[in-house]
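Dear colleague,

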Amino acid sequence: MTPPTLVFFRNDDVGALEPGLTELSGLFLERGLKLTQAVVPVALTPQCAAWLGQTPPDLVEFIQHGYAHAWHGRGEFGGRRGLDEQAREIAAGRDILERAFGKRFFPAMAFPWHLYNRHSITALTKLDFKVVSGIFDPTPARRLFFGLGRVLRANLLLGRNVSHHERRRPGSGRGPGSGRGPGEGLLELSVSLDPVAAYRQPASDSPRKALAELQAGFRWCRRRMAVVGVLLHHAVYSGEKAHLDTLAAFLDWLAGQEGVTVASLGEIHARLTAGATQG
Ligand SMILES: [Zn+2]
């Protein structure tokens, strides 16, 4: 029997109401599938907030994608900026999203360019974020590297971010004096699959995977993890009918796979931490 797999779709760089956003979201809404919108707080326009606000709450979830998506040496949060500065920006960004989306905002952070430093993780923990979503590339070399990082309980190793996909980040809870009970702390739920093979400028030049390649990628991930995150960038799909069709075909195929559930990050977090609280 195939073990159950939870899948989430994270759409990054949400801010303005662009055709790609409504087209891509439409694929999920038509099928009754859940979609996580990763919103850049400072880039969110009133029109976009209004459009997102009228999408069905049971299907569309909102999380935070950085603050202004600005480059500071190594990503927005991965450079040399200290804890106070990062915590201030993250909190200010969260305030914007909470005002816009209320309870539909789930306290998860997807850092722009998947880059952050140890202060970023501390800031999220202090601000009671529940999830950090980065990138998890489960190739054998990476898995070895991440395995070593986990043994060392490192957030960074040799200057690179260590993925703790499906696990709590080290130092984010459960430890003595952390003031947190079991089941709390910062859970990492990262993305491993992307229908885009490589990102190019302009976006329309980015090569995409064919349906068979996406299916093979999903099967490969499924054998290695219980939670499979798929990364989307709506800008790349804008007006690209063939690519939207491929994604639609992938969604239809996925819906027919035994044991596969498309869920929000909030739901996946609840399931994974419920087990931890009981155990
Ligand atoms: Zn981004």
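Strand β1 (residues 5-14) is mostly covered, with 10 of its 10 residues buried (buried means 20 or more other C-beta atoms within 10 Å of the residue's own, C-beta atoms being placed from the backbone). The model is predicted: local features need pLDDT of at least 70, side-chain atom pairs count only at pLDDT 80 or more, and totals for chains, interfaces and linings use all residues. Residues are numbered from 1 along each chain as its sequence is written. Helices (H or I, at least four residues) and strands (E, at least two) are DSSP runs, numbered from the N terminus.

β1 runs parallel to strand β10 (residues 227-233), joined by seven bridges; strands count as paired if DSSP finds at least two bridges between them. Asn11 has Leu232 as its bridge partner in β10 and Gln37 as its partner in β2. From β1 the chain crosses through helix α1 (residues 19-31) to β2 in a right-handed β-α-β crossover (clockwise from the first strand over the helix to the second, with the strands pointing away from the viewer). β1 is also parallel to strand β11 (residues 260-262), through three bridges, and Val7 stands opposite Val262 there.

Strand β3 (residues 60-64) has five of its five residues buried. Val60, Phe62 and Gln64 lie on one side, Glu61 and Ile63 on the other. Five bridges join β3 to the parallel strand β2 (residues 35-39), while two link β3 to strand β4 (residues 105-109), also in the parallel sense. Phe62 stands opposite Gln37 in β2 and opposite Phe105 in β4.

Yours sincerely

How values were computed: A residue is buried if 20 or more other C-beta atoms lie within 10 Å of its own, exposed if 12 or fewer, and partly exposed in between; C-beta atoms are placed from the backbone.
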